[in-house]
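With the structure open in your viewer, please follow this tour one selection at a time, and take a moment at each stop before moving on.

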Amino acid sequence: MQVHFISDLHLCADRPALTAVFERYLAGPARAAARLYILGDLFEYWAGDDDLDDPLNTHVAGLLAALAGAGCQVSFMPGNRDFLIGADFASRAGLQILAEPARIELGDQAFVLCHGDSLCTDDVAYQAFRKQVRNPAWQAQFLGQPLAVRKQIIAGVRMKSEEAKSEKAAAIMDVNADAVAALFREHGFAPLIHGHTHRPAEHRLIVDDQPCERWVLADWREDGGEASGEVLVWSGGLLQRQHLQ
Ligand code: LP5
Ligand code: MN
């Protein structure tokens, strides 16, 4: 049995080659997976489920529904860009939404999953922003505005975020060691799989004298029309990265 993990695809209409990599992945390697976990930032941004009629959004939901229809159990965990994905998208795409952090069992192994942004606690400005936009009352108010207005607001936030990131030290935008240790403690030191930081790596560390593993997923990219992605595959008790083109 295979179980797949992907994150940080950042799909959008401007990156057709990236969507093509996703299409090939879903029609090919993903068919060997009994379960697929999408750990956030599937989309460049998600303005609300009433944007499901957007051609790319309809297309992606249909692709995922086809995989689910072929017998793969698909789970989606919200990222910092698509946490507004809701029940309508879930039902259209045939997937379940998983709250983070999630603890899962694969065979006799436990794993902890999260998007990764919650661990970046040194990024104080981002955490303040996150607290605001993850508040259900704020979300209800935001989703109450017309779709076009929401898209304008998001465009502004994306610009401000890019500006803010260019002024932040790289270390601030990585995970905080204490936040990682706290998560390991909370979940019995099970291996952690997350994305968000775009710093793919396998970290082996010791927390409270316990050996721990932190697997960081790669982001998918499109540069000059060339796109590639990556899936982390669990099979026979081992995790391995598979490059996608
Ligand atoms: O995503 P990434 O890796 O590029 O950057 C993140 C943090 N930035 C964000 C913002 C998103 O990228 C863009 C918004 C996506 C759409 C969300 C949908 C609906 C929400 C609508 C919002 C009104 O998450 C970035 C981190 C980085 O990860 C690394 O961890 O540093 O954080 C920032 O740059 C945030 C800034 O530091 C502070 C916030 C600036 C925006 C202020 C806008 C004010 C409008 C207020 C409305 C609530
Ligand atoms: Mn992210």
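Select Ser 161 together with ligand 1: in this predicted model, an N or O atom in the side chain of Ser 161 is 2.9 Å from a nitrogen atom of the ligand.

Next, select the manganese ion, which is ligand 2.

Now select residues 55-69, which form helix α2. This helix has 15 residues and reaches 21 Å from its first C-alpha to its last, close to the 21 Å expected at 1.5 Å a residue. Show the side chains of Leu 56, Asn 57, Val 60, Ala 61, Leu 63, Leu 64 and Leu 67, which are the buried residues of α2. Turn the view until you look down the axis of α2: these buried residues fall within an arc of 160 degrees, so they line one face of the helix. In general, an α-helix has 3.6 residues a turn, so residues three or four places apart point the same way. What do the buried residues of α2 pack against? Their partners are α1 (16-27), β2 (33-38), β3 (73-76), α3 (87-93) and β4 (95-97). On the face turned away from the buried side, look for the exposed residues Pro 55 and Gly 69.

At the N-terminal end of α2, select Asp 54, which caps the helix with a side-chain oxygen 3.1 Å from the backbone nitrogen of Leu 56. After the helix comes Gly 71, whose phi is positive, near 105 degrees.

Move on to strand β3 and pick out Ser 75, which counts as buried at 1% relative accessibility. The side chain of Ser 75 makes a polar contact with that of Gln 96, at 3.0 Å. Leaving aside neighbours within four places in sequence, Ser 75 is in contact with Leu 36, Tyr 37, Ile 38, Gln 96 and Leu 98.

The last stops concern the backbone in loops. Select Glu 100 and Pro 101, between which the peptide bond is cis, with omega near -5 degrees; Pro 101 sits in the loop between β4 and β5 (102-106). Then go to Asp 8, in the loop between β1 (2-6) and α1, where phi is near 55 degrees, a positive value in a residue other than glycine. Asp 8 is buried, with a relative accessible area of 0%. Finish at Phe 189, placed in the loop between α7 (177-186) and β7 (192-194), which has a positive phi of about 65 degrees although it is not a glycine.

Key
Residues are numbered from 1 along each chain as its sequence is written. Chains are lettered from A and ligands numbered from 1 in the order in which they are written. This is a predicted model: local features need pLDDT of at least 70, side-chain atom pairs count only at pLDDT 80 or more; totals for chains, interfaces and linings use all residues. Side-chain values use heavy atoms; hydrogens and water are left out. Helices (H or I, at least four residues) and strands (E, at least two) are DSSP runs, numbered from the N terminus. The expected span of a helix is 1.5 Å times one less than its number of residues. Buried means under 20% relative accessible area, exposed over 50%, partly exposed in between (1.4 Å probe, protein chains only). The arc is that of the directions from the helix axis to the C-beta atoms. Contact means heavy atoms within 4.5 Å. A polar contact is a pair of N or O atoms within 3.5 Å; within protein, one must be able to donate a hydrogen and the other to accept it, and residues adjacent in sequence count only if both atoms are side-chain atoms. Donors are N, O and S atoms within 2.8 Å of the metal (3.2 Å for Na, K and Ca); water is not among the atoms, so sites may look incomplete.
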